[in-house]
Each structure stands twice: as C-alpha cells, then as structure tokens.
Amino acid sequence: MRLVLLGPPGSGKGTQAARLKVELGVPHISTGDMLRAAVAAGTPTGLKAKAVMDAGKLVSDDILLAMLEERLSQDDVKNGFILDGYPRNLAQADALDHLLAKIGQPLDAVVKLDVPNAVIIGRCEIRFAAEHRKDDDPVVVRDRLKVYAEQTAPVADFFERRGKLQVVDGVGELDEVTGRVKRALDAGSAAANG
Ligand code: AMP
C-alpha cells in the first residue's frame, strides 16, 4: 500500500500514520520528523531548514525531494509506505508523481484528514504546552494554516482530479478516525479492483 496522508498541521496525520503502519505493515515516512532529526543532528540540511521550520514556512523543494528520493530508495519501502507531510505544494506533488513513475510504484490512495481550523488551533496549543515545538506557538500556527490554505490545499485538488483523493472526517476519538481511514482505503481498493 502506497498512501499519502494529507491534512493541515495538527490534523492528526502523524498520529494516524503511526497506527496505520502497524495495520498495513509499511513504514511511516514523515518529512517533518526527518527534518527535525536533521536539525537535531546538526546536518547541513538541518542547519538550512531550522529557521524556516521555526517560522512555519516551507523548506525548499530541492531539499525535500533529495531527502525523499533517498528515503524511497531504501529496502523497507518495497511493499509500500505511508507518506505524511509530503507533498506540500503543487511542485512537490508533480515531483512525487515523477519519482514514483520512475520507480514504477504509483500511489494507491491519498487520504485527507478534514479538521476545522478552530480544532487545529486547540490541538496545537496542547502540543505546544507538552512538546514546546516552536512551530506550535499559536502565532506560528496561524501562519502554518495560511501556508496550508495557499500552497497545500491545491494538492488535494491535484489528487482529486486523478481520482485518488478520499476525504475523511478527522475529528473524534483516535480509534474512530483510524476506522474511518481504513474503511476509506478498503472502499478505494474495492473500487480499483472493479
Ligand atoms: P510537519 O511535522 O509535517 O508539520 O512539518 C514541520 C515543518 O517541517 C513544516 O512546517 C515545514 O517547515 C517543514 N516541512 C515538512 N515537510 C515539508 C515539505 N514537504 N515541504 C516543505 N517543508 C516541509
């Protein structure tokens, strides 16, 4: 299963991906986690990305594509992956399309978690208090939501036009949301198999 999880910051992509990877038996690839690891390790990529991430803006497409290309060449993605946090703009969606076509592994599904902004803001406040991620500061969250609306929301349309997008209500208990995503994936693969 090659799956992209879409949704605004704080929509639960990371939490749901961590649960789904167990069910689906494929790795969870979070570009945000990879970048945070690079920042923590002080790599050249991390040094370039840190200020941009702290401001809630998007790190450059070149850096992301190089990172993703490297990750998708590893052995553990042979049976698929759950991609969380990529693509975040149309150029990245295009790049992903090309990259997957090149390795002969097209996406099976794209699931968008739908969560209203008021809920997102509340969730990020809670995460900010617990984890102190600079980009969960309420001021930065507003900027991230703006970046999402302007740059990432069109990515959902991109996949919708290709008949790949499924929208799932992301508000509710964790189990409930996981169940909705699984039902969407099952319905999608039943439709694909005719
Ligand atoms: P996330 O944990 O997915 O919310 O990502 C945290 C931050 O990492 C984002 O606010 C961006 O600064 C950066 N980031 C993660 N994924 C991408 C991406 N695909 N393109 C550009 N920047 C990204």
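The model is predicted, so local features need pLDDT of at least 70 and side-chain atom pairs count only at pLDDT 80 or more, while totals for chains, interfaces and linings use all residues. Residues are numbered from 1 along each chain as its sequence is written, and side-chain values use heavy atoms, with hydrogens and water left out.

**Helix 6**

- Helix 6 covers residues 117-131; helices (H or I, at least four residues) and strands (E, at least two) are DSSP runs, numbered from the N terminus.
- Its 15 residues should span 21 Å at 1.5 Å a residue (1.5 Å times one less than the number of residues), and the end C-alpha atoms agree with this at 20 Å apart.
- Ile120, Ile121 and Cys124 are the buried residues of helix 6 (buried means under 20% relative accessible area, exposed over 50%, partly exposed in between, with a 1.4 Å probe and protein chains only).
- Because these buried residues fall within an arc of 95 degrees seen down the axis, they line one face of helix 6 (the arc is taken from the directions from the helix axis to the C-beta atoms).
- That buried set packs against helix 7 (138-161), with contact meaning heavy atoms within 4.5 Å.
- Ala118, Ile126, Ala129 and Ala130 are exposed on the other side of helix 6.
- Just after helix 6, His132 has a positive phi of about 55 degrees.

**Asp76**

- Asp76 sits in the loop between helix 4 (61-72) and strand 3 (81-84).
- Its relative accessibility is 39%, so Asp76 counts as partly exposed.
- Leaving out residues up to four places away in sequence, Asp76 touches Pro27 and Arg71.
- The side chains of Asp76 and Arg71 make a polar contact (2.7 Å); such a contact is a pair of N or O atoms within 3.5 Å, where within protein one must be able to donate a hydrogen and the other to accept it, and residues adjacent in sequence count only if both atoms are side-chain atoms.
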